[in-house]
Amino acid sequence: MEQQIKREVATQVAAVSPVGARKREVAAPQKQAGLSTQDLILIAVLLAAGAVLKLTVGSLLSSMGMKPNFIIAMYCLAIVLTRPKVGQAVVIGLLAGLVCQIPLLNATPLLNIPSEVLGALVCGLLVRVPMEIGDKLDLNPLANTFASTLVSGGVFAFLSVYINVMSTGGDMMVALATYAAIVLGTATFNAVLVQILALPLKKVLKR
């Protein structure tokens, strides 16, 4: 009799309990879309650093025949580290172009705005393209910065030459050929610089 009562109680408990009870799973929190406050601070710091470097080190190297643009390098580095949406990358380029309008940094007003916007657009499109060699070496910062600087420098050179030719005359192709060496040199310098800086900063920032 006692065993029969135990069997009935067990049957009722099984009927009330959910069949095949599942283990409670805790979903891992996902990173919210867009840039975080930390990302915005990092972008601001890098753009400011690019302006200071262009004003100091850039001016020194320009006197030696080199013309690096640290602002392009720094906004490319910012995009590589924060991986923003394409629209956000364009805004970063716009901010970089506005920074270039500081009188001490730019001799040709307004031309940096379209050039940096387009350069940042390219960087934002390429930042998620896999370019890894093995498990550790990521060449995206190198290739991405090189391509972005080519676009930015190419647009700036074309607009500058076009304005000068329209106002003073001259051979546009010869002028563009002169700029080509400067743009290629700047792209190479920026690409190497960003690649060197990106690796340790990613580890420090855990990105």
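These legends accompany several close-up views of one predicted model.

Residue numbers start from 1 along each chain as its sequence is written. Because the model is predicted, local features need pLDDT of at least 70 and side-chain atom pairs count only at pLDDT 80 or more, while totals for chains, interfaces and linings use all residues, and side-chain values rest on heavy atoms, with hydrogens and water left out.

**View 1. The whole chain, to get our bearings.** The chain has 7 helices and 2 strands; helices (H or I, at least four residues) and strands (E, at least two) are DSSP runs, numbered from the N terminus. Starting at that end, the order of elements is α-α-α-α-α-β-β-α-α. Of the 207 residues, 32% count as buried, where buried means under 20% relative accessible area, exposed over 50%, and partly exposed in between (1.4 Å probe, protein chains only). The chain exposes about 12,800 Å², with carbon and sulfur atoms supplying 69% of it; accessible areas come from the Shrake-Rupley method with a 1.4 Å probe, and for residues only the protein chains shown count as cover. Contacts here are heavy atoms within 4.5 Å, and among those between residues at least 6 apart in sequence, 70% join residues at least 24 apart.

**View 2. The salt bridge between Asp138 and Lys202.** A search of the whole structure turns up 1 salt bridge, a term for a side-chain nitrogen of Lys or Arg within 4 Å of a carboxyl oxygen of Asp or Glu. Its partners are Asp138 and Lys202, whose closest N and O atoms are 3.4 Å apart. Asp138 sits in strand β2 (residues 137-138) and Lys202 in helix α7, so the pair ties together parts that are 64 residues apart in sequence. Helix α7 covers residues 172-205. Both Asp138 and Lys202 are buried, the latter with 19% relative accessibility. Their side chains also make a polar contact at 3.4 Å; such a contact is a pair of N or O atoms within 3.5 Å, and within protein one must be able to donate a hydrogen and the other to accept it, with residues adjacent in sequence counting only if both atoms are side-chain atoms. Leaving aside residues up to four places away in sequence, Lys202 touches Val80, Leu81, Asp138, Pro141 and Arg207.

**View 3. Asn140 and its neighbours.** Asn140 belongs to helix α6 and, at 3% relative accessibility, counts as buried. A polar atom of the Asn140 side chain lies 2.9 Å from the backbone oxygen of Leu126. Look around Asn140 and you will find that it touches Leu126, Val127, Val129, Met131 and Thr145, not counting residues up to four places away in sequence.

**View 4. Two aromatic pairs.** The search of the whole structure finds 2 aromatic pairs; rings of Phe, Tyr and Trp (its six-membered ring) pair if their centres lie within 6.5 Å, and planes under 30 degrees apart count as stacked, over 60 as edge-to-face and the rest as tilted. The rings of Phe70 and Phe189 have centres 5.7 Å apart and planes at 85 degrees, so this pair is edge-to-face. It links distant parts of the chain, with Phe70 in helix α3 (residues 70-82) and Phe189 in helix α7, 119 residues apart. Phe70 is buried, at 5% relative accessible area, whereas Phe189 is partly exposed, at 27%. The rings of Phe158 and Tyr162 have centres 6.2 Å apart and planes at 15 degrees, so that pair is stacked. Phe158 and Tyr162 are 4 residues apart in helix α6 (residues 140-168), which means that about one helical turn separates them. Phe158 is partly exposed with a relative accessible area of 42%, and Tyr162 is partly exposed with 40%.

**View 5. A nonpolar patch on the surface.** Val91, Leu94, Leu95 and Leu98 form this patch, with about 320 Å² of accessible area together. Patches are made of residues with over 30% relative accessible area and no salt bridge; like charges are joined within 9 Å, nonpolar side chains (Val, Leu, Ile, Met, Phe, Trp, Tyr) within 5 Å. Val91 lies in helix α4 (residues 86-99) and, at 45% relative accessibility, is partly exposed.

**View 6. The backbone at Arg83.** Most residues other than glycine have a negative phi. Arg83 has a positive phi, near 50 degrees. Follow the chain to the loop between α3 and α4 to find Arg83, which counts as partly exposed at 39% relative accessibility.
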